[in-house]
Every structure is written in structure tokens, then in C-alpha cells.
Amino acid sequence: MHTHSTASDGTLSPAELVRAASRAGLDVLAITDHDTTAGWEPAVRALPPGLRLIRGAELSCRWSGTDPAVPLHLLAYLFDPHHPELVAELARVRAAREERGERIVALLRADGIDVSWPDILAGAGGGTVGRPHIAQSLIRAGLVGSTGEAFGPDWLGERYRLPKEDIDVFRAVRLVRAAGGVPVFAHPRATRRGRVVPDELIADLAAAGLAGLEADHEDHSPAEQAHVRALAAELGLLVTGSSDFHGTHKTVRLGAFTTGVEAYERIVDAGVTEVASG
């Protein structure tokens with residue numbers, strides 16, 4: 001219920017992604033590229049027999065209730081990809097993400113680090129440009145040995161990190177609902193990624209239309225998974241589990257974490273876009 005293709009920062013094309021999901025023995029896959037629906041059509045065209053595709057996106061959001069604002073991600077499932085307000089907001093975020101990437105490269109180059117913005121754009125292959133594409137450029141240049149090192153404090157994690165112009169999370173929830181979609185908070189307690197938001201905010205988001213929480217995720221410890229499940233039960237939210245698969249950018253495998261049938265059916269019942277079947 002949470003995977004990425006080359007339409008954003010994954011290493012498999014949408015067609016390769018659905019074929020890999022079929023080989024992994026999955027019967028349902030969600031494609032949730034960052035702030036884009038560009039992978040939907042090629043993924044549907046390549047669907048293997050027996051695989052169902054949930055079309056979605058992972059929205060780059062922020063909560064401004066503290067200073068600095070806390071970045072967070074919202075998974076949006078089965079929404080209308082032509083909803084005018086949501087389309088405009090996703091386009092704005094993609095443009096801001098690309099502008100930020102170019103500014104990060106300028107900072108690197110100012111310090112004598114030989115990376116090329118045209119090379120990074122080429123590596124993105126027309127997908128939504130993000131820091132993982134810059135990380136791959138650093139790896140190709142022999143400056144770091146892995147994506148993890150590239151996201152460390154000496155590189156993109158702190159020294160060369162710039163803020164993004166993300167969507168206010170309450171606005172994002174409202175937009176997804178207005179577009180007929182189902183909003184689920186991605187990895188809400190992943191403290192290893194950095195700051196997390198308080199449970200009180202999640203309760204406020206539930207009142208605003210949030211449908212679920214992603215509990216089972218590689219960046220959640222067992223205690224964090226249990227915390228998310230308990231909070232979801234308290235708030236009446238559905239619970240998902242997901243690999244957050246990016247291909248070679250991460251070591252997690254497809255199907256490492258899965259979503260229960262009941263939660264899947266609730267998402268399908270609530271969404272405006274039909275599930276695609278191979």
C-alpha cells in the first residue's frame with residue numbers, strides 16, 4: 001500500500017514495479033509516488049493477471065504548529081486525478097521540489113563538489129526530482145558509498161538540506177477528501193527519521209477527515225507500531241502496513257509489511273477511483 005517508481009524517486013519503472021509485485025506474490029499493490037500521478041497509466045497498462053492496483057500518491061506536507069515546521073507525508077488513495085485544486089497543489093509542490101533541488105546542487109558546487117544539475121535531471125528520467133536523485137549523483141561521483149551516507153548530517157541530511165514548500169497537512173486532508181480520496185498518515189511515529197507530531201494533532205486530523213494510520217513500516221520500532229495501532233483504535237481509524245518500497249534506494253523488499261483485508265476493503269469502499277485489475 002506504499003511504493004515508489006521512477007515517476008518519483010524509485011528505481012523501477014511503473015511497469016517494472018507491478019511485475020515485481022506479482023513476482024513477490026502480492027495480490028494488491030498501491031503506487032504512491034511523491035506528489036504525482038504520472039505512474040498510474042503505465043502501471044495499469046502493465047498489470048499482470050491477478051494483481052490489483054490501488055492508484056495513489058504520497059503528498060509532501062508540513063505541520064506548522066511548532067517552529068520549525070514538522071515535515072510529514074500523507075498517503076492519498078483512489079482520488080480523482082483531475083480534481084482542479086489538488087492537481088494545482090501537486091504541480092506547485094513538484095515545482096518547489098525541483099527548485100529546491102537546484103538550490104542544493106548550487107550549494108554543493110559552491111563548496112567545490114562536482115555534481116551536475118543536468119545530470120541529476122537526466123537521472124530522474126522525467127520523474128519528480130528529490131534528494132534521492134542528488135544522493136545518486138553523489139554516489140556516482142564516488143563522494144559517498146550509499147544512499148544512507150548521502151542522507152547523513154555531512155551531506156543532504158543537514159549540511160546541504162533546505163526546506164520544501166510543502167502542503168499544510170490540514171489542507172492536504174481536505175483536498176484529498178474533496179477529490180474523493182482516502183487520506184492515510186504515512187509512518188507517523190518514525191522517530192528514527194526525525195521529529196514526529198503529537199498524538200493530539202493526529203486526533204485533530206481525524207476530526208478533519210483523516211482515514212487511517214500506517215502502523216507497520218520499516219522505520220517503526222515494534223513499540224512504535226503498537227503505539228500507532230492503539231491510537232488508531234482509539235480514534236476509529238483504519239490501519240495499514242506497507243514496505244515503502246523504493247527499489248535499490250532502500251533495502252526493504254516488496255511485501256515486507258502488508259495491509260489487512262478489512263482495511264483494504266474500507267479504502268476501496270471510500271475511494272472514488274476504481275481499483276485496476278490485471
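A salt bridge here is a side-chain nitrogen of Lys or Arg within 4 Å of a carboxyl oxygen of Asp or Glu. With that in mind, note that this is a predicted model, and select aspartate 244 and lysine 250: their closest N and O atoms are 3.3 Å apart, forming a salt bridge. Aspartate 244 is buried, at a relative accessible area of 2%, whereas lysine 250 is partly exposed at 23%.

Keep Asp244 in view and move to histidine 2, which touches it. Histidine 2 sits in the segment before helix H1 (14-23) and is buried, with a relative accessible area of 0%. Its contacts also include Glu58, His187, Glu214 and Phe245. Show the side chain of histidine 4 as well: a polar contact of 3.2 Å joins it to the side chain of histidine 2.

Next, pick aspartate 216 and arginine 229, whose side chains form a salt bridge of 2.5 Å, N to O. Aspartate 216 is buried at 12%, while arginine 229 is partly exposed at 40%.

For the last stop, select aspartate 111 and arginine 159, which meet in a salt bridge at 3.5 Å, N to O. They lie 48 residues apart, aspartate 111 in the loop between helices H3 and H4, arginine 159 in the loop between helix H6 and strand S4. Aspartate 111 is partly exposed at 44%, and arginine 159 is exposed at 56%.

Conventions. Residues numbered from 1 in each chain as written. Predicted model: local features only at pLDDT ≥ 70, side-chain atom pairs only at ≥ 80, totals over all residues. Heavy atoms only, no water. Helix = DSSP H or I, 4+ residues; strand = E, 2+ residues; numbered from the N terminus. Buried < 20%, exposed > 50% of the residue type's maximum accessible area, 1.4 Å probe, protein only. Polar contact = N/O pair within 3.5 Å; in protein donor to acceptor, adjacent residues only side chain to side chain. Contact = heavy atoms within 4.5 Å. Lists of a residue's contacts leave out its neighbours within four places in sequence.
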